[in-house]
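Reader: Please take one part of this model and go through it closely. I would like a single connected account, covering how that part is built and what it does at its boundary with the rest.

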Amino acid sequence: MKKFDADAVCEKLLRKQAGRTSRRSLISRLGIALVAAPVFPLLPVSRAEAAKPDRSPEAKTAFARSAQTEDDTECTYWRYCAIDGALCSCCGGGIHTCPAGSEPSPVSWVGTCINPDNGKAYLIAYRDCCGKPMCNQCLCDNTDRETQLYTPQLNNDIIWCFGTQSMQYHCSTAVLVGGAE
Amino acid sequence: MSARNRQYLLLAAGCLLGIASYASAGDPAPAPRFGMLDPALARSDYIENCGGCHGVTGSTAPAAVPELRGRVGYFLCTPETRAYLLRLPNVAHSRIGDDQRLAEVMNYVVFVLGGASAPPGRLPFDGAEVARERRHALSAANLTDERARNVRIVMRQCNGPASLRSMYDPLHSR
């Protein structure tokens, strides 16, 4: 024989409780719960969670709302949300490869773009290809997360050809680094 | 409500709580490793805010950018060199406004990218330390001189390698 049957004890208790409480008291309790629930987000525990970046649809930029996932030779391609320059995919290279004769810069400008197919945010490194005269095809200037030129590290007008043989700018690629949190 | 009724209610609540504790017993909250409650966010924030110049894995040699991989942990050496990291303008003025979140990014930098370079027993950064130090941003200082001065401290007191004087280690990079 079982010594302690928690299920049976709880059932007994709850049945007794049900027999003693009225429906009205249940309704009043539910009412209190409904009023109290919206207060919980004001507690510090939920505010700590708010430190996470806002990736909600409402936080989307104008670019993200009209981005497409089909044609990477158009400025509206989703990965180009913060690109500034000529698209390497129009200059004999690819979305993450430099055209022959140009060299990828080890440093890059990093953007966060939303893929409209799944709504997720991705980290994109805009890696300039350097060492050849500028390719004048598909010039784009998208500005997600960009600030004014007086904070140059947050401005994508800068030519990011540092650490290369030549600082001559040719075109820009958009390398997918991974998912953004 | 009668006292007896209240007793029953408490017992009933106890039954429900019992169920709740059974459900949550399987997954205890993970202990923060290297001072990061959310390592994935710390890495993502690092790449988004620092990784363009410093590199996704902490090195963009031969670009003239201080290499972090396997080196930056040395700067946890003394309270002064530790504060230097948090006072660097792009750290102190980072667009990550939340001090705890920035502390976790810096912990990712010094303990994950820095790897074995962190001297043993050094505590991770926390929000209070970041809040205190970022108010003293090195906005008007000569950063080249400041870096050289802190490298000298690290070399003298924590056996930092002489290659820290250069932006990157020409022997190990690439």
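**Chain B and its side towards chain A**

Author: The model is predicted. Chain B has 174 residues, and 37% of them count as buried. Its secondary structure is helical: there are eight helices and zero strands.

The contact between the chains draws on 25 residues from chain B and 22 residues from chain A. On the chain B side, at least two residues each come from α1 (3-24), α2 (39-49), α3 (51-54) and α6 (99-113). Among the contributors, α1(B) gives the largest share of the side that touches chain A, namely six residues. Sorted by class, the side of chain B that touches chain A holds 14 nonpolar residues, eight polar residues and three charged residues.

Chain A is divided into domain 1, which covers 6-49, and domain 2, which covers 57-179. Taken over C-alpha atoms, the centres of domain 1 of chain A and domain 2 of chain A are separated by 53 Å.

To return to the part under study, chain B is a chain of eight helices, and it meets chain A through 25 of its residues, with α1(B) supplying the largest share.

Terms used
Residues numbered from 1 in each chain as written. Chains lettered and ligands numbered in written order. Predicted model: local features only at pLDDT ≥ 70, side-chain atom pairs only at ≥ 80, totals over all residues. Contact = placed C-beta atoms within 7 Å. Helix = DSSP H or I, 4+ residues; strand = E, 2+ residues; numbered from the N terminus. Nonpolar A, V, L, I, M, F, W, Y, C, P; charged D, E, K, R; others polar. Domains from an automatic or database assignment. Buried ≥ 20, exposed ≤ 12 C-beta atoms within 10 Å, placed from the backbone.
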